[in-house]
Amino acid sequence: MRYDVIIVGSGPAGSSTALHLARLNPALARRTLVLERDRHPRHKLCGGACVPDVDVCLANLDLDPRSVPSVEVDWAYLNFRGRGFRMRFARDLSFRVVRRNEFDGWLAEQVRSRDIELQESTRVLRLRRVDDGVEVETNRGTYHARVVVGADGSSSVVRRLMPDETNTAAVARVVELVTPATPPGGSARLAADDAFLDFAWMPRGIQGYVWSFPTSVDGQPSRNWGVYDSCIAPGKRGGSLRPVMAQWMEQNGYRLDDYRLEGHPIRLFDPRAALSAPNVLLVGDAAGVDATFGEGISFALGYGELAGSALVDAFRRDDFSFSGYQRQVLASPLGRTLSRRTLTARIANRFPQALVQRTVWRHLGPVVRWYIKNFLFYWAEPLASPAASNLEPPRRRIETGADGVHAAPNRPRAPSRKRLLQRVGFTGVPSE
Ligand SMILES: Cc1cc2nc3c(=O)[nH]c(=O)nc-3n(C[C@H](O)[C@H](O)[C@H](O)COP(=O)(O)OP(=O)(O)OC[C@H]3O[C@@H](n4cnc5c(N)ncnc54)[C@H](O)[C@@H]3O)c2cc1C
């Protein structure tokens, strides 16, 4: 079977790429096949934290995030041995927490509803570049595509088509489990609506933090616990994550042995690593996401927008080299933010010593919070006209004027980020 585009993987990156294709060029979307190894709603290990950038990305696809069940986090506390600060990313809440089986299943439904073929239970085994595209071998037969998009996550098979010498990206280690909201026979030690990120294990070699987020599993109030170790800086390695998790749980009244601990890698963004090759594009975890916090849902959605534009442009020009894709990603707000997060993680984890960390958290908390807010988040830009922009050539720029956010000249005026966030339930720009 021959297709113009085959997207491997239907997580947020794959579904977003397909939905942006449908928005930009419905005819091309009808000649697109999405291949998914599992069947939705499938299990996906993830804390499910969705910051406001997620909502902007979804609004750009004319999707309302409130269609998916979520838990609203009141405050997010960032802590190092009792020092730290709390943050909200919007006026009345910090972020939302979704269950990924529900979120990804909902996105996959949107893909199907826009006449894009999504074939589940189909695992891509091997890919081979041929003269006029790529041959995709799966457990259910072989397909041919002019272009393959690798949206198949951190252990991407498609990524193997990238040149080896650019495969420099680090891979983070992450473990996670879910418990009831209150510990057995006790009362919760964390406020029910709050999220906690604790960096106390940094001096012991964990290049990241432990977390606890409120969540809801089948309507039951629950908590999601995990350890994120970016492994990005040279130096002491933290050893097994299991004892770290055991200690973190014990501090909060739970016994690790009572729960099932699972692990999954996150491929981190490296500006030097290739994101495309002739006839091949990478998006989401397959390309690389946030090194500072391991946040990837917003970026996966954002990559989809960039890939959608690159695909439409390639078919318009009949040029499938994708030689400009890396440059476009790096120059975009997404690429600039990911580069900053990679740099931040490298620098912060170069100085894990307790004395340095204590000093930073004790004296520079407000500066750290200001830096996080102003440099690491709010990268997603509202599209001028999500539904109608298939009439427009790919990129739209939003320029900030003295009195707010304006569309670039000759483009329809975009709703401001604030108004978009209000539309989807975030009632204001951050106040803290
Ligand atoms: C423990 C953990 C906690 C996290 N917590 C958060 C968080 O709170 N907030 C946040 O923003 N991010 C979080 N992340 C990161 C986030 O989960 C990822 O960045 C995000 O899922 C990336 O989306 P994606 O579509 O690129 O990849 P994925 O979501 O991994 O989707 C890839 C898809 O490809 C399919 N696939 C894989 N291989 C093949 C194949 N060979 N053939 C066909 N299909 C294939 C898979 O079945 C899957 O559906 C977390 C990650 C982990 C591991």
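In this predicted model, helix α3 supplies the largest share of the lining of the second largest cavity, namely three residues. That cavity holds about 50 Å³ of space, and a search of the whole structure finds three cavities of 30 Å³ or more.

- The elements that give two or more residues to its lining are α3 (52–59) and β7 (95–98).
- The residues that line the second largest cavity are Cys-50, Val-54, Asp-55, Leu-58, Pro-65, Val-68, Ser-70, Arg-96, Val-98 and Phe-103.

**Aromatic pairs**

- Across the whole structure, the search finds 23 aromatic pairs, and one of them is formed by Trp-201 and Trp-248, whose ring centres are 6.3 Å apart and whose planes meet at 80°, so this pair is edge-to-face.
- This pair links distant parts of the chain, 47 residues apart, since Trp-201 sits in the loop between β13 (195–198) and β14 (208–217), while Trp-248 belongs to helix α5 (residues 242–251).
- Both Trp-201 and Trp-248 are buried.
- In a further pair, the rings of Tyr-209 and Tyr-228 have centres 5.5 Å apart and planes at 40°, so the pair is tilted.
- Because Tyr-209 lies in strand β14 and Tyr-228 in strand β15 (residues 220–229), the pair ties together parts that are 19 residues apart in sequence.
- Tyr-209 is buried, as is Tyr-228.

**Charges over rings**

- Arg-86 has its charged end over the ring of Trp-75, at 3.6 Å from the centre of that ring.
- Arg-341 is placed over the face of Phe-377, with a distance of 4.3 Å to the ring centre.

- Strand β9 (residues 124–130) pairs with strand β10 (residues 133–138) in the antiparallel sense over six bridges, and the two form a hairpin with two residues between them.
- Within this pairing, Arg-126 stands opposite Glu-137, which belongs to β10.
- Strand β10 is also joined to strand β11 (residues 141–150) by five bridges, and these two strands run antiparallel.
- β10 and β11 likewise form a hairpin, with two residues between them, and here Glu-135 stands opposite His-144 in β11.

Notes
Residues are numbered from 1 along each chain as its sequence is written. This is a predicted model: local features need pLDDT of at least 70, side-chain atom pairs count only at pLDDT 80 or more; totals for chains, interfaces and linings use all residues. Side-chain values use heavy atoms; hydrogens and water are left out. Rings of Phe, Tyr and Trp (its six-membered ring) pair if their centres lie within 6.5 Å; planes under 30 degrees apart count as stacked, over 60 as edge-to-face and the rest as tilted. Helices (H or I, at least four residues) and strands (E, at least two) are DSSP runs, numbered from the N terminus. Buried means under 20% relative accessible area, exposed over 50%, partly exposed in between (1.4 Å probe, protein chains only). A charge sits over a ring if NZ of Lys or CZ of Arg is within 6 Å of the ring centre and within 35 degrees of the ring normal. Two strands pair if DSSP finds at least two bridges between them. On a 1 Å grid over the protein atoms alone, a cavity is a set of points where a 1.4 Å probe fits but cannot get out, and a pocket is an open set with protein on both sides within 12 Å along at least five of seven lines; lining residues have an atom within 4 Å of a point. Grid points are joined across faces, edges and corners, and a volume is the space filled by probe spheres set on the points.
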